[in-house]
2 protein chains.
Amino acid sequence: MGTVTKALSLLSFFNRSRSTIGLSEMARLSGLNKATVHRLLTEMQAQGFVEQTGAGREYRLGPAFLRLAALREAAVPTRDLAQAVLADLSQATGETAHVSMLHGDTLVTVAYAYSPQHGTRVTMEDAEVLTFHNTSSGLATLAFSEAGFVDEILSRPLEKRTPHTETDPGKIRATLSDVRTSGMAQNIGGFEDDVHSHAMPLFDAQSHVIGAIAVAAPTARMSRNHQALIQRELRHHALRLTRLMGGFLPDGFQREEAA
Amino acid sequence: MGTVTKALSLLSFFNRSRSTIGLSEMARLSGLNKATVHRLLTEMQAQGFVEQTGAGREYRLGPAFLRLAALREAAVPTRDLAQAVLADLSQATGETAHVSMLHGDTLVTVAYAYSPQHGTRVTMEDAEVLTFHNTSSGLATLAFSEAGFVDEILSRPLEKRTPHTETDPGKIRATLSDVRTSGMAQNIGGFEDDVHSHAMPLFDAQSHVIGAIAVAAPTARMSRNHQALIQRELRHHALRLTRLMGGFLPDGFQREEAA
DNA sequence: CGGACCGGTTCATTATTCAAACCAACGGTT
DNA sequence: AACCGTTGGTTTGAATAATGAACCGGTCCG
């Protein structure tokens with residue numbers, strides 16, 4: 001593992017529930033020597049990628065990311081585009097909508113929109129990492145990924161998050177096959193109890209899957225009419241977002257959506 | 001220069017007008033060997049910090065920054081806080097307001113807000129890098145920086161951006177002294193013709209300057225009454241933002257603002 | 001006081017980076 | 001076609017930087 005890889009991988013130990021990390025803890029988490037970690041952090045600190053908190057001298061993510069994220073967004077406005085489409089989609093369905101993107105082997109939520117229509121709604125967190133086997137977005141993404149990647153994901157331990165989580169790789173593969181046919185994935189209570197979500201894949205210019213767009217609703221609200229509405233709107237907006245981002249549906253992807 | 005520093009400094013060559021950079025160009029910009037640059041970029045690419053565009057194989061900033069910026073913002077919500085204060089400030093003054101933060105020796109705009117009140121307004125860009133000698137934010141920041149940093153900045157060549165740009169280090173030092181007395185910096189047409197801006201410094205918990213908050217208006221609109229309004233509102237909101245971010249004014253900082 | 005942490009530093013050993021030359025491929029000229 | 005100047009990417013001993021075990025000086029706790 002190269003030095004740069006080591007340094008950057010340190011950053012991945014920060015998450016929502018662990019926003020500051022001390023030197024020794026970072027050394028333990030990464031398995032690297034304390035001196036090495038110190039040097040890497042010091043170098044990253046000089047560039048603003050991490051900074052030290054006043055008290056305790058722990059490290060946290062630095063301000064450089066604000067700048068670089070803004071530049072990334074200026075160069076590739078996926079987030080803005082997603083946000084715009086999600087606003088329409090959540091408005092049309094009255095439910096929470098979100099877009100998650102594939103980064104390597106992790107699926108990260110990059111944008112979401114709520115509808116004010118109902119008092120109850122499914123809530124989302126920014127930059128949340130989704131699992132593949134128990135979210136509709138994960139299933140939609142996986143269904144259009146290459147076989148090796150699917151094997152890789154399904155060979156790992158699959159967390160049983162709720163009583164309804166499906167953890168049998170064979171059954172999941174059967175589900176993926178259905179998703180490929182219909183173009184849409186569903187998940188009922190597999191990630192959070194009482195949440196019924198629909199998701200469709202998003203594609204880039206080479207028709208490779210790059211993420212998914214989803215609508216999440218309380219199961220209590222999922223009547224047949226409501227489900228039909230969600231599916232219709234989701235099909236429409238998924239296609240729209242893929243096109244806005246300069247992508248193309250793969251050959252054979254079913255496209256029965258209403259104009 | 002350490003390896004990590006080299007790798008991270010490559011990222012700083014991306015900006016708004018140069019969002020993709022090829023291998024050879026990056027080697028030229030950084031002064032590093034092509035082989036080294038290639039290895040560094042490859043490592044960063046594996047972590048999602050850069051990615052290659054389909055055509056031309058050039059590199060651009062990667063998606064990892066969206067995630068890390070969201071986590072940074074979750075840990076230290078400076079941007080959100082700034083945005084909230086700016087909304088009020090631009091509303092109260094009817095002019096464009098913005099906050100810029102000091103990262104090492106560069107001053108970067110992190111948030112801004114427009115007022116819909118007038119048809120003409122000063123426009124801003126996200127993640128824009130400001131110079132110190134010809135912006136009110138730069139002068140406000142510099143006035144409360146330590147002497148060594150001021151010497152460093154003023155010893156560099158000072159760009160004469162407009163006919164009104166002051167480039168004489170001696171006169172700039174005199175201006176900084178005035179800014180320290182009044183707590184507020186002004187700049188008339190030194191950055192953009194016909195823009196009159198006011199700025200005040202922002203401080204952290206150790207009373208070190210961390211950036212500035214500013215109001216920028218067309219010179220044509222700057223009557224005595226309007227200027228008095230802007231100064232009053234700016235004083236109020238600058239103090240408010242410093243406090244919201246957990247900072248304290250340094251001893252002796254003048255505080256004659258209206259409650 | 002003694003022990004167990006913490007963040008940070010030292011220095012001989014070891015691995016990486018450097019520079020320069022070299023490939024293969026592409027797009028224009030001649 | 002031949003040539004030219006590019007591009008991204010790769011290879012080579014010689015120079016340089018990274019590494020990790022031990023070490024320092026704190027602070028907290030009993």
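Which residue is the bridge partner of Thr20(B) in β3(B)? That partner is Arg60(B). The model is predicted: local features need pLDDT of at least 70, side-chain atom pairs count only at pLDDT 80 or more, and totals for chains, interfaces and linings use all residues. Residues are numbered from 1 along each chain as its sequence is written, chains are lettered from A and ligands numbered from 1 in the order in which they are written, and side-chain values use heavy atoms, with hydrogens and water left out.

**Three-stranded sheet, chain B**

- Thr20(B) and Arg60(B) are bridge partners in an open sheet of 3 strands with the order β1-β3-β2 (chain B) and antiparallel pairing. Strands are DSSP runs of E with at least two residues, helices are runs of H or I with at least four, and both are numbered from the N terminus.
- β1(B) is joined to strand β3 (residues 59-61) of chain B by 2 bridges, and the two run antiparallel. Two strands pair if DSSP finds at least two bridges between them.
- β1 (20-21) and β2 (50-52) of chain B are the edge strands, each pairing on one side only.
- Glu51(B) lies in strand β2 of chain B. Leaving out residues up to four places away in sequence, Glu51(B) touches residues including Arg60(B), Tyr59(B) and Leu61(B), and also Arg72(A) (contact means heavy atoms within 4.5 Å).

**Six-stranded sheet, chain B**

- A further open sheet, of 6 strands, has the order β6-β5-β4-β9-β8-β7 (chain B), again with antiparallel pairing.
- Its edge strands are β6 (129-130) and β7 (185-188) of chain B, each of which pairs on one side only.
- Strand β8 (residues 195-203) of chain B pairs with strand β9 (residues 209-218) of chain B over 9 bridges, in the antiparallel sense.
- His196(B) stands opposite Ala217(B) in β9(B).

**Helix packing, chain B**

- Helix α7 (residues 147-155) of chain B packs against helix α8 (residues 169-182) of chain B at an angle of about 145 degrees, with the axes 10 Å apart. Axes are lines fitted to C-alpha atoms, for helices over the stretch in contact, and angles run from 0 to 180 degrees between N-to-C directions.
- On the α7(B) side the contact is made by Val150(B), Asp151(B) and Leu154(B), and on the α8(B) side by Pro169(B), Ile172(B), Arg173(B) and Leu176(B).

**Interface of chains A and B**

- Chain A gives 41 residues to the contact and chain B gives 40.
- About 3,800 Å² is buried between the two chains, 72% of it on carbon and sulfur atoms. Buried area is the accessible area (1.4 Å probe) that two parts lose on being put together, summed over both.

**Salt bridges**

- The structure holds 21 salt bridges over all chains (a side-chain nitrogen of Lys or Arg within 4 Å of a carboxyl oxygen of Asp or Glu).
- Across the interface of chain A and chain B there are 2.
- Arg72(B) forms a salt bridge with Glu51(A), with the closest N and O atoms 2.6 Å apart. This pair crosses between chains, from helix α4 (residues 64-75) of chain B to strand β2 (residues 50-52) of chain A.
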